[in-house]
Amino acid sequence: MTNIFIIVVLLVVFFFIIQKYVIKHDDTRDYPYQSKGPLLRGQESAFYNALRSAVGEHAVVFAKVNMASVITPKSIKNKKQLFVASNRIARSYFDYVICDPRTLEPRVIVELDNGQPLTKGKAERQKLLMHVCKSANLPLIGASVKHSYQVGRLRRLLAAHIDLIESDKEIRFCKKCGSPMVIKTANQGEFKGRRFFTCSRQPNCTYTENYNVVFDTEDE
Ligand SMILES: [Zn+2]
C-alpha cells in the first residue's frame, strides 16, 4: 500500500516537472488569433459619436486608452514602490481621452457610467480614476449613457476645459442691450488669462458672458 502511494506521489511530481520544464519550451510557437470585432459597441460607440459631435474640430477623442499611456508615476525613487505604482495603472484604461487636436496632449478624461449598480469592482475603479486624475491634474468628467443623446449638454461639460469656440466665427449679441459683444482677456483676479465676452457699449453697458459657455439648444 505504501509503495503505491509513493509511486503516485512520484508520478505527480514527475508530471509537474514535465509541465514546468518540458512543455514550456513549446511556448515559442506562433499561436493563432482572431479579431474581436468593433472596438466599441452599443452604448460605448453611441457615446463616442456624441463626444465627437460635441468637440467637433476642437479636440480629438480617443477611446479605451491604457492608463499607462497617459500617466506615469511621479518622483518615486524606491524600486518596489515604483513597481507597485506602475502595476496599479498598467491594466486599467480610461474610457475616453479628449486631446488637443494639434499636440494630442490629453486635456480631459471622460468616464462613461453605464448605469449598472455600484459593485465592488466598479467602486474600486472609480476610486482609482478619481485619485490618478486628481494627482496628475487631469480634469475628469463622469457622464452617463443618457448624455449620448444630449450633445449640447456634453459640450457645456467639456467647455470648462477646452476651447470649443472659434473666436472669428463666434458672434454674440448683448442680452441686455442687443449690441455686438467683443472678446477680452481678464488681466487680473481669479480668472486671469481667461477670455470672456463683454458688451461693446462698455462702460455704458456692463453685461459680460463666459467665453466658453456654449448656448446650444438645437439638440435638447
Ligand atoms: Zn450691452
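Guide: Helices are DSSP runs of H or I with at least four residues, strands are DSSP runs of E with at least two, and both are numbered from the N terminus. This is a predicted model: local features need pLDDT of at least 70, side-chain atom pairs count only at pLDDT 80 or more, and totals for chains, interfaces and linings use all residues.

Visitor: Where is Asn-137 placed?
Guide: Look past helix α5. Strand β4 covers residues 140–144. Asn-137 sits in the loop between α5 and β4.

Visitor: Is Asn-137 buried or exposed?
Guide: Buried means under 20% relative accessible area, exposed over 50%, and partly exposed in between, with a 1.4 Å probe and protein chains only. Asn-137 has a relative accessible area of 68%. That value is over the 50% cut-off, so Asn-137 is exposed.

Visitor: Which value is phi of Asn-137 near?
Guide: Asn-137 is a residue other than glycine.

Visitor: Where is Leu-104, and what is its relative accessible area?
Guide: Leu-104 has a positive phi too, near 60°. Its place is the loop between β2 and β3. Leu-104 counts as partly exposed, because its relative accessible area is 44%.

Visitor: In which helix does Leu-10 lie?
Guide: Leu-10 is exposed, with a relative accessible area of 55%. The helix that holds Leu-10 runs over residues 2–22. That helix is α1.

Visitor: Which residue does a cis peptide bond join to Pro-203?
Guide: Pro-203 lies in the loop between β6 (195–199) and β7 (208–210). Omega of the cis bond is about 0°. The partner of Pro-203 in that bond is Gln-202.

Visitor: How many salt bridges does the structure hold?
Guide: A salt bridge is a side-chain nitrogen of Lys or Arg within 4 Å of a carboxyl oxygen of Asp or Glu. Side chains of opposite charge can pair when their charged atoms come close. The number of salt bridges in this structure is eight.

Visitor: How many residues apart in sequence are Arg-125 and Asp-95?
Guide: These two side chains meet in a salt bridge at 3.4 Å, N to O. Arg-125 lies in helix α5 and Asp-95 in strand β2, so the pair ties together parts of the chain. Both residues are buried. In sequence, the parts they tie together are apart by 30 residues.

Visitor: Is Lys-122 buried or exposed?
Guide: Lys-122 and Asp-113 form a salt bridge through their side chains, at 3.0 Å, N to O. Asp-113 is partly exposed, with a relative accessible area of 30%. Lys-122 has 18% relative accessibility, so it counts as buried.

Visitor: In which salt bridge do the side chains of Glu-209 meet a partner?
Guide: The N to O distance in this bridge is 2.9 Å. The pair links distant parts of the chain, 37 residues apart: Glu-209 in strand β7, its partner in the loop between α6 (151–159) and β5 (181–185). The bridge is the one between Glu-209 and Arg-172.

Visitor: Which residues do salt bridges that share partners join into one network?
Guide: Arg-125 and Asp-95 already meet in a salt bridge. Shared partners make one network. Its members are Asp-95, Arg-125 and Glu-111.

Notes:
Residues numbered from 1 in each chain as written. Heavy atoms only, no water.
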